[in-house]
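Biologist: Before we discuss the labels, please show me the model. I will then ask how each one was reached.

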Amino acid sequence: MDLHQHAQQDAPAPVTELRASDADRDRVADMLREALAEGRLTAEEHAERVEGVLAAKTVGELDVFVRDLPAGHRPRAPYTAPHRPPAGAIPAGADDNVVAVFSSAVRKGRWRAGRRIHAYAVFGSVEIDLSEAIFEYEQVVVKAVSVFGSVEVRVPENVTLRGTGGGVLGSFEVDTSDSADAGAPVVYVDGWAVLGSVEARPKRGKLVADILDRVQRKVDRSLRKHL
């Protein structure tokens, strides 16, 4: 394969093509409200644009409504996910336990990811594939413990991935990444690898959409104050 074509295929989607979140819509609605107060937009123009904001699906579609306004050209502050959920934000008990002892265990396909997932591999292998999972929470913790075994965690490429752990004569590797969308889920992978391995990384070509679709139901309520 041509190297240039290969690089293009592996390149992440531009920010303008990412799904818009409720935070993105609030940001644009605030710009429109400011423009209305300054007299840059008439009441009719403001109402029309806010209606478009409600219907927008991507960040690029939102940018169209503020392209001719000064606020639309201000640099965006980079979004940085917290390294750990605040105390008490996620229960200590696991919503799902995946255990492999001298065997293998897999969670993949369309399944509902809880707030906390525990994975234990003892002389076995565990695969946690979240690339097609339904995210019902914005923060998900995966506790991975490998003893003479392996734990692999795969996430959609447009979520934020964090990791805290270590290895004892083993390897603990997490390809940390930040999503450009502040409304995207954050997956934290914690644990230990003892004479084994724990690996977590994005699965290229897989995008999470469920949580973003779910929060869109809140948009009408959160933006009506701008109408």
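Modeller: Buried means under 20% relative accessible area, exposed over 50% and partly exposed in between, with a 1.4 Å probe and protein chains only. This is a predicted model, in which local features need pLDDT of at least 70, side-chain atom pairs count only at pLDDT 80 or more, and totals for chains, interfaces and linings use all residues. Residues are numbered from 1 along each chain as its sequence is written, and side-chain values use heavy atoms, without hydrogens and water.

Biologist: Why is phenylalanine 148 called partly exposed?

Modeller: Its relative accessible area is 41%. That value lies between 20% and 50%, so phenylalanine 148 is partly exposed.

Biologist: What makes phenylalanine 102 exposed?

Modeller: Phenylalanine 102 has a relative accessible area of 62%, which is over 50%, so the residue counts as exposed.

Biologist: How many aromatic pairs are there?

Modeller: The count is two. Rings of Phe, Tyr and Trp (its six-membered ring) pair if their centres lie within 6.5 Å; planes under 30 degrees apart count as stacked, over 60 as edge-to-face and the rest as tilted.

Biologist: Why is the pair of phenylalanine 102 and phenylalanine 123 called stacked?

Modeller: The ring centres are 4.9 Å apart, within 6.5 Å, and the planes are at 0°, under 30 degrees, so this pair is stacked. The two residues are 21 residues apart.

Biologist: What makes phenylalanine 123 and phenylalanine 148 a stacked pair?

Modeller: Their ring centres are 4.8 Å apart and their planes at 0°, so the pair meets both cut-offs. Phe102, Phe123 and Phe148 form one aromatic cluster.

Methods:
Helix = DSSP H or I, 4+ residues; strand = E, 2+ residues; numbered from the N terminus.
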